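Here are some exercises to work through with the model open beside you. Try each task before reading its solution.

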Amino acid sequence: MLRTLGGSPHFNLALEEALLEESGEHGIALARLWLNPDSVVIGYTVDVEKEVNTSQAMAEGIPVVRRISGGGAVFHDLGNINLSIYIPRRLGVDEAYRLVTGIILRTLHSLGLEARVENGNDVAVGPWKVSGSAAAIRSRATLAHATLLVTTNPSRIRRLVIPQLHRVIRGEVTPVKYNPNSLDEITGGRIRLQQVARLLEYHVTQTLGGVGEVEQDILGEAFERAGELCRAKYSAKGFWSPLGTGGCEKPRKSELARTAQL
């Protein structure tokens with residue numbers, strides 16, 4: 001399991017693409033738990049002006065960064081755990097969603113919470129959405145990643161992300177999709193970030209099977225490739241960085257990457 005903390009949002013999104021490519025090239029499955037600084041992360045096809053309060057983001061100095069997967073806009077901060085799984089084969093969209101939402105569900109059940117999947121890629125507790133997931137599918141590899149709101153203040157999400165309520169009115173999705181809340185708020189502060197991270201790591205291992213260390217040169221390749229992608233694409237003002245407030249600081253690696261035998 002690769003754990004990363006900090007770094008720029010632009011580098012972290014570039015690392016998602018780099019690790020996906022490494023998975024396909026080397027035929028290895030990878031898993032990553034990561035915390036991203038304050039940012040709004042938008043899906044590949046999102047119209048940023050329709051889904052993000054850009055004036056508020058600029059006023060707060062919060063970058064907006066595009067990811068390679070689909071889906072809508074999400075808010076990241078250090079109270080949100082991101083889980084990414086990189087599989088060295090092409091999965092169907094539903095299969096990718098089941099993989100990552102299954103891990104989130106089992107983690108929440110271990111915490112004693114009644115959780116369920118709605119809309120195919122959301123995980124809900126009661127009327128609240130606590131996790132959303134997305135996927136990027138390539139010919140040789142698949143990325144399935146998810147957020148999990150642990151201590152994030154939901155009012156920050158509501159200030160920055162514009163709910164697409166027309167989708168609820170048309171019956172495309174349930175209201176849960178635009179009703180975010182954190183585990184901290186739901187449980188009255190009973191759940192801690194490190195506790196959730198440990199359980200996520202456990203359920204990743206249980207889901208993917210036995211794990212072993214990834215060679216350091218592969219991990220080094222991924223970080224070097226991510227740096228190149230960040231400088232050339234993710235931090236440049238425009239499609240990938242709509243507000244153009246990008247940097248390419250690397251995150252801290254707190255644990256070696258691990259592979260899984262599927």
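**Exercise 1. Sort the lining of the second largest pocket by residue class, then find where that lining comes from.**

Solution. Start with the classes: the lining of the second largest pocket has seven nonpolar, three polar and one charged residues. Here Ala, Val, Leu, Ile, Met, Phe, Trp, Tyr, Cys and Pro count as nonpolar, Asp, Glu, Lys and Arg as charged, and the others, Gly among them, as polar.

A word on the ground rules: this is a predicted model, so local features need pLDDT of at least 70 and side-chain atom pairs pLDDT 80 or more, while totals for chains, interfaces and linings use all residues. Residues are numbered from 1 along each chain as its sequence is written, and side-chain values use heavy atoms, with hydrogens and water left out.

Next, the residues: eleven of them line this pocket, and Arg3, Thr4, Leu35, Gln194 and Ala197 lie nearest its centre. A pocket is an open set of points on a 1 Å grid over the protein atoms alone, where a 1.4 Å probe fits, with protein on both sides within 12 Å along at least five of seven lines; lining residues have an atom within 4 Å of a point.

Last, the elements: strand 1 (2-5), strand 2 (29-35) and helix 8 (193-208) each give at least two lining residues. Helices (H or I, at least four residues) and strands (E, at least two) are DSSP runs numbered from the N terminus. The space comes to about 170 Å³, a volume being what is filled by probe spheres set on the points, which are joined across faces, edges and corners.

**Exercise 2. Describe the largest pocket: its volume, its centre and its main contributor.**

Solution. The volume is about 810 Å³. Of the 43 lining residues, Gly72, Ala73, Val74, Lys129 and Lys177 lie nearest the centre. Elements giving two or more residues include helix 1 (9-26), strand 6 (80-87) and strand 9 (128-137). Strand 9 has the largest share, with six residues. By class, go for 19 nonpolar, 15 polar and nine charged.

**Exercise 3. Find the disulfide and work out its handedness.**

Solution. Look for cysteine sulfur atoms within 2.5 Å, the cut-off for a disulfide. You get one: cysteine 230 and cysteine 248, with sulfur atoms 2.1 Å apart. The torsion about their S-S bond is about -95°, so the disulfide is left-handed. Cysteine 230 is in helix 9 (residues 216-234), and cysteine 248 is 18 residues away, in the loop between helix 9 and strand 12 (252-255).

Now check accessibility: buried means under 20% relative accessible area, exposed over 50%, partly exposed in between (1.4 Å probe, protein chains only). Cysteine 230 is at 0%, so it's buried, whereas cysteine 248, at 26%, is partly exposed.
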